[in-house]
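Hello,

Here is the structure for you to look over. My notes on the aromatic rings and the nonpolar cores follow.

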Amino acid sequence: MENKTTGLTATDLFERNRKWAASMIEEDPNFFKSLAAQQAPEYLWIGCSDSRVPANELLGMAPGELFVHRNIANVVVHSDLNCLSVLQFAIDVLKVKHIIICGHYGCSGVHAALTNTRVGLADNWLGHVRDVRDKHGKYLGNVAGVSATNRLVELNVAEQVINVAQTPILRDAWERGQPITIHSWVYGVHDGLLRDLGITVSSFEEIAPKLAVVLDGYRDRGEDL
């Protein structure tokens, strides 16, 4: 398949799709038959809409192995019925076992929130990230520039873990004994690698002590990325 990805027409995109489908069938003749038969992913990915962060690809997973929700700056808002519907469907219907909250370094949405840069209608959405900035401002005082943006990326992921855990959807699931683990990850666009922030929780009570460890680590850290 050609590497060119700019200036493509709809016809070009359909042709690329046909080539991709043919390559999948060549590799596994039953691929699409199996895919159509069921959807049983164990993972829900909540990530950023950034085009450089393709969830399935960076995890090495095929279609059908990952349930995905994406928005600008990977935010989980308790009034966002889109995100909550995805969460509820993933937990109650698909019975996922893992929820991955994944931000990425160099996130332009997080940078706009950090610097109060106006981007338009999305400013309303990024207000949630500005709230994270204001809540955890003391952990941003010893970094600047790109490092400050990346620090806020991490803090934002940590806050979204809390937001997911606070939803009645997840708390009800935990109370009925459904095994679900939330993960806090950050993806490095600059090197293609995932980082685990360390807030990996399978109950609401685990969040506070693990979050405290992460926050304490920021107190004396200077620029790191």
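Phe-32 is partly exposed, at 28% relative accessibility. Trp-20 is partly exposed too, at 35%. (Buried means under 20% relative accessible area, exposed over 50%, partly exposed in between, with a 1.4 Å probe and protein chains only.)

This is a predicted model: local features need pLDDT of at least 70, side-chain atom pairs pLDDT 80 or more, while totals for chains, interfaces and linings use all residues. Numbering starts from 1 along each chain as its sequence is written, and side-chain values use heavy atoms, without hydrogens and water.

Rings of Phe, Tyr and Trp (its six-membered ring) pair if their centres lie within 6.5 Å; planes under 30 degrees apart are stacked, over 60 edge-to-face, the rest tilted. That rule gives three aromatic pairs. In one, the centres of Trp-20 and Phe-32 are 5.7 Å apart and the planes stand at 75°, so the pair is edge-to-face. Trp-20 belongs to helix H1 (residues 10–27) and Phe-32 to helix H2 (residues 31–37), so the pair ties together parts 12 residues apart in sequence. (Helices are DSSP runs of H or I, at least four residues, numbered from the N terminus.)

Now the cores. A nonpolar core is a set of buried Ala, Val, Leu, Ile, Met, Phe, Trp, Tyr and Cys residues joined through side-chain atoms within 4.5 Å. The largest has 52 residues; Leu-44, Ile-91, Ile-99, Val-164 and Ile-182 touch the most other members. Helix H7 (residues 145–166) gives the most to this core, nine residues. A second, separate core has eight residues, including Val-53 and Cys-102.

Best wishes

Methods
Helix = DSSP H or I, 4+ residues; strand = E, 2+ residues; numbered from the N terminus.
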